[in-house]
Amino acid sequence: MATYVVNSAAANDNGAGTAGDPWKYVPGMASANGAHTLTSGDTVEVVNGSEFTQRLTTVADNILYRGRGIGGTSIVVNTQDSEPAGSIATEHTYVRTDGVNTGSWQIDLTGASERTSGADEYCLWVQHSGCTFEDIEIIGGAEAQVSGNAHTVYLEPDATSTTFNRFLVTGSAG
């Protein structure tokens, strides 16, 4: 089990996958370096504030994808169930480790060039079991679709035991 670091602001995708030499893309994205492989039990820490315009497809079972550091949009948890009926809900920012890890990383396919007419469109395509996603914002859905089916997040039937923590989806169509 290894831990790798990804930062979309990195100069290239040839790094060692460490904090000092991060990868530019998450393995499973079209531009990711094919030499970077993940195996069951690995962790991918994506620097919060990183933004990607490519689909992420899981590449192995039991991978933890999570945010790292401070940056990006804070995931807001809406606590409507604790508010009186008819009132405006109070918003609370969820912080994994206060002052150490806040914010999120983002996949936004609303303007992606990889969209294909007639093809299904996914921002996050979960093909493997036991994967966990944390501190991530997914933007897509209907506006990310040319034609075909649009799914902001698509879980394959065999992708069991998938967990989402501090996860925001906007623009969902399916």
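1. Let's start with how the chain folds back on itself: among contacts in the protein (heavy atoms within 4.5 Å) between residues at least 6 apart in sequence, 64% join residues at least 24 apart.

2. A quick word on the model before you read on. It is a predicted one, where local features need pLDDT of at least 70 and side-chain atom pairs count only at pLDDT 80 or more, while totals for chains, interfaces and linings use all residues. Residues are numbered from 1 along each chain as its sequence is written, and side-chain values use heavy atoms, with hydrogens and water left out.

3. What is the protein built from? You'll find 14 strands and zero helices; both are DSSP runs numbered from the N terminus, with helices being H or I of at least four residues and strands E of at least two.

4. Of the 174 residues, 45% count as buried, meaning under 20% relative accessible area with a 1.4 Å probe, protein chains only.

5. Now have a look at Y65, in strand 5 (residues 64-68). Y65 counts as buried because its relative accessibility is 0%. Leaving out residues up to four places away in sequence, Y65 touches a list that includes V26, L56, W105 and F133. D135 sits 70 residues from Y65 in sequence, yet their C-alpha atoms are 8.6 Å apart in space.

6. Of its 26 residues, V26, L56, Y65 and W105 touch the most other members. Strands that each supply at least two residues of this core include strand 2 (43-47) and strand 12 (132-139).

How values were computed: Buried < 20%, exposed > 50% of the residue type's maximum accessible area, 1.4 Å probe, protein only. Core = buried A, V, L, I, M, F, W, Y, C linked by side-chain atoms within 4.5 Å.
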